[in-house]
Structure formats: C-alpha cells, structure tokens
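The following exercises are to be worked through with the sequence and the model at hand. Each task is followed by a solution in steps.

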Amino acid sequence: MDPLTHALLGATAAQAILGRRLGRQAWLPGALGGLLPDADILIRSTADPLLAIEYHRHFTHAFAFIPVGGVVAASPWLVQRRHRSDWRPLLAAATIGCATHGLLDACTNYGTHLLWPFSPLRVAWNWLTTIGPLLTLALLAGLLVAVRRQSRLPAVLSLLFALANVGVAAWQRERAFDLQALIAAARGHPVTRAEMFPTVGNPFVWRSVYQSGTTLHSDRLRVLGSAGSLWKPGGKLQLLLAADLPAAAAADARVRRDFAPFSRFSDGWTAASDSDASVIGDARYSLSRDSFEPIWGIRFHPGTAAPTEWVDQTSRNRVPVGELWREISGTAAGYRRLPTAAAL
C-alpha cells in the first residue's frame, strides 16, 4: 500500500485505541510505526538489482518484527525526558501502528512475509490495490475529526469503514472466481491454477488470470449481481519457466541464479513481454489491457559481466479513470454477458 495510507492507518488505529490516554499526540507514534516497515526499501545493491525485490516486504513486515518496530518508532519520544512518564502508551501506539503495516500489505497483491522467520510463504490476499483513494480519504477524515474534537469515535468509525471495505472486496473476489470458473469451463479449459486481481479503488472490476496447460489467459470481469455481471475476453501468452530459457541463457550461472528469486517474487507467473521478448515479466500485471506489457520484469545479459537488469515501468502505469468508470458502470466497449459453452 502507498506510504500515506500506511501512515494514516497506523495513526488512526493509535488514536482510536490510545486517544483517551495520550490525547491529540497519540496519532504521531502510530503514524511513524505505520511507515517504519517500508524502511526496507533502503536494502538495495547496484551489483545485484534483484536484492531489493528479495527484501522488500520481507522481515520488517513480519509479525515477529512488530515489537522491534514499535520500539524503534517510539524512540524519538522515549529518549525525551518529558515523555518518559508516558512511555508505555507511547510504545503501545507505535507498536499498534507497526502492526497495521504488514496486515494492510497482505491485503494487496504482491505478497508479504508475515510469517518470517518461521515460513517463507508470501501472504497475498489480493483484495486491494496499492492505491485506494476511498480508503485513504476515509482514514484521513476520521483522523482529522478525531484529533480536532479530541474524540476517539471518528477514528473508530473510519477503521470500521476500512474493515467493511476490505470485507466487501474479499467477498467480491470470491464471486469473481465463480465467474472465472464459468468462463474457463465454457472455453473447455482445465484450470491448473488461477488468480484474481482488483482494479484501482473499487471492488467491482477484476483482472482474471488463469493457467491452462502452459498457457496463461487474462480477462476483465465486472462483478455486480447475477444480472449485472459482465466479462471482456483478454489475451493469452505462454508461461515461461526456467526450463524454457534459451540455451545461451540457461548455460549462464548468473541467469540461473537470478531467475529463481524473480520467479518467487512473481509467484511463478512469468512470461516474455509481447513487445520485447528479451524482457521476462510478472504476468499478473500489465500496462496494457489488450497485450502483455509487464509493469516490471528482468532482462538477462548472458555471457557478459553485466548484472541482470531490473526493468521497471511503473512510471508508465496510468489509470484511465474514464475507461475504469465505464467498466464499473457496465458501458465499456467489448464487455459481454457471461458465456455458455455454445457461445464459445
């Protein structure tokens, strides 16, 4: 999730729980605690560009790190003599803020090492996108009113709204999976594995991705009741695994070493870009709705001393608000009623 929403969630949770004890200052250590885990972005290396994706959302996002993060986030207050009489609630506020971070990130797409060091599992519930304007504004409004009025109630209400927002998204995602299964069955595709990804700021339009054999199929789904649900057929591409690398790349030790962490990061959803076959991308996300243009990926340089290149196109990622609204409202071009086997 974006840093602003992390800070607001940590601040609002701390204000809701400890506002009575700490007054208007409860949100400050909560906000810092909510931001602290993303300090892992400082872990990077020019010699190994993939180090950053290995350790972002890693140990600093784990449940086991929460007590440590709470102490670190509270330290600016704990080192001041005038705050030492309130050291317990200040530490609690910072710890609460830190605890919200990993849980919020687990609600998004990329995966978070909540269970480190006990498990290497990357937890990703895929309920929210990393930018959720409605959620962010609700937390901001609740926090501002709570601090201004010195009342915990607005903060509590905004947290309940955030929880309801997540709950609706989780429910909608399961409904989207039902539509995906219907589409795959109508196509006659046995599904090896499947995923469902939200679109920005709403629980209604989802990006469906499933694997049948070695082919990946992506579609757009509008989930809005049995009568209002629609779908838009998307593209397909070939899954690319380590065994599928060209001979020159497969023979290079650096390539073999670097493909593994990228595959873990992408949860095995790896494929070559449609426009540039030298880029192996995370097939779960695409800049284009009609072809596979990876938002991020890797480019190998086998047989040279050059490190594996991290290809990051997030700056090109734009949300076409008008088109997204047409998808939500059911007026976007290309959408159709749910399929039947005869129709396909």
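**Exercise 1.** In which loop is His83 found? Determine also whether His83 counts as buried or exposed.

Solution. The model is a predicted one, in which local features need pLDDT of at least 70, side-chain atom pairs count only at pLDDT 80 or more, and totals for chains, interfaces and linings use all residues. Residues are numbered from 1 along each chain as its sequence is written, and side-chain values use heavy atoms, with hydrogens and water left out.

Step 1. Helices (H or I, at least four residues) and strands (E, at least two) are DSSP runs, numbered from the N terminus. His83 belongs to the loop between α4 and α5.

Step 2. A residue is buried under 20% relative accessible area, exposed over 50% and partly exposed in between (1.4 Å probe, protein chains only). The value for His83 is 9%, so His83 counts as buried.

Step 3. Contact means heavy atoms within 4.5 Å. Leaving aside residues up to four places away in sequence, His83 touches Gln25, Trp77 and Leu90.

**Exercise 2.** Classify the ring pair of Phe59 and Trp116.

Solution. Step 1. Rings of Phe, Tyr and Trp (its six-membered ring) pair if their centres lie within 6.5 Å; planes under 30 degrees apart count as stacked, over 60 as edge-to-face and the rest as tilted. The count by this rule is 9 aromatic pairs.

Step 1. The centres of the Phe59 and Trp116 rings are 5.8 Å apart and the planes are at 50°, so this pair is tilted.

Step 2. Phe59 lies in the loop between α3 (51-55) and α4, and Trp116 in the loop between α5 and α6 (133-149); the pair thus links distant parts of the chain, 57 residues apart.

Step 3. Phe59 has a relative accessible area of 27% and is partly exposed; Trp116, at 32%, is partly exposed as well.

**Exercise 3.** How many cavities of 30 Å³ or more does a search of the whole structure find, and which residues line the largest cavity?

Solution. Step 1. On a 1 Å grid over the protein atoms alone, a cavity is a set of points where a 1.4 Å probe fits but cannot get out; lining residues have an atom within 4 Å of a point. Grid points are joined across faces, edges and corners, and a volume is the space filled by probe spheres set on the points.

Step 1. The search finds 2 cavities of 30 Å³ or more. The largest cavity holds about 40 Å³ of space.

Step 2. The lining of the largest cavity comprises Pro37, Thr60, His61, Ala62, Phe63, Ile66, Cys98, Ala99, Gly102 and Leu103. Helix α5 gives the largest share of this lining, 4 residues.

Definitions and conventions. 1 Å grid on protein atoms, 1.4 Å probe; cavity = no way out; pocket = protein on both sides within 12 Å on 5 of 7 lines; lining within 4 Å.
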